[in-house]
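Reader: I am new to reading protein models. Could you walk me through some of the terms?

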Amino acid sequence: MRPRNNLLTPVSLFFTLLSLSGVFVVYLLLGGELFSPGGLSGKSKEGVLLQGFRSHAEFEQECARCHQPLTTQMANLCLDCHFEIQKEISMEESLHGTLPEPDACATCHLEHRGINFDPTHSARFLYDHNLARFVLIHH
């Protein structure tokens, strides 16, 4: 007689299906928020619209605008909107054009930190100021 596999008992299968059903119901109720690490930044510049939006928070429920892991890299999606940054990188000028990995946006610009978080301000602490094309003097 073979030993019984406790993982495939009717009770374990029932609880597995019950758990998966619960996760599915929560997913239906919350949508993408179930997997979201937090709210997006509401930081904006006066009078500036990118693809009709003032800030990332305005499209917070549209995750695919920034996340398409099986289709493209996230940086490509960043640069689809932030064309001024794309220009800096392609011309190798200004701040973003001097970065060793200019397509690693999320390394410096953290986003899912809530509506009041300023991803540009926080990035200044991560930037290697020795990459600047001018001398920075601290007083």
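Reader: Why is Arg-65 called partly exposed?

Author: Good place to start! Arg-65 has a relative accessible area of 33%. Buried means under 20%, exposed means over 50%, and partly exposed lies in between, using a 1.4 Å probe and protein chains only. So 33% makes Arg-65 partly exposed. A word on the source: this is a predicted model, where local features need pLDDT of at least 70 and side-chain atom pairs count only at pLDDT 80 or more, while totals for chains, interfaces and linings use all residues. Residues are numbered from 1 along each chain as its sequence is written, and side-chain values use heavy atoms, leaving out hydrogens and water.

Reader: What makes the contact of Arg-65 and Glu-62 a salt bridge?

Author: The term asks for a side-chain nitrogen of Lys or Arg within 4 Å of a carboxyl oxygen of Asp or Glu. For Arg-65 and Glu-62, the N to O distance is 2.8 Å, so the pair qualifies. The structure holds two salt bridges; Arg-54 and Glu-58 also meet in one, at 2.8 Å, N to O.

Reader: Why is Arg-54 called exposed, but Glu-58 partly exposed?

Author: Arg-54 has a relative accessible area of 53%, so Arg-54 counts as exposed. Glu-58 has 34%, which means that Glu-58 is partly exposed.
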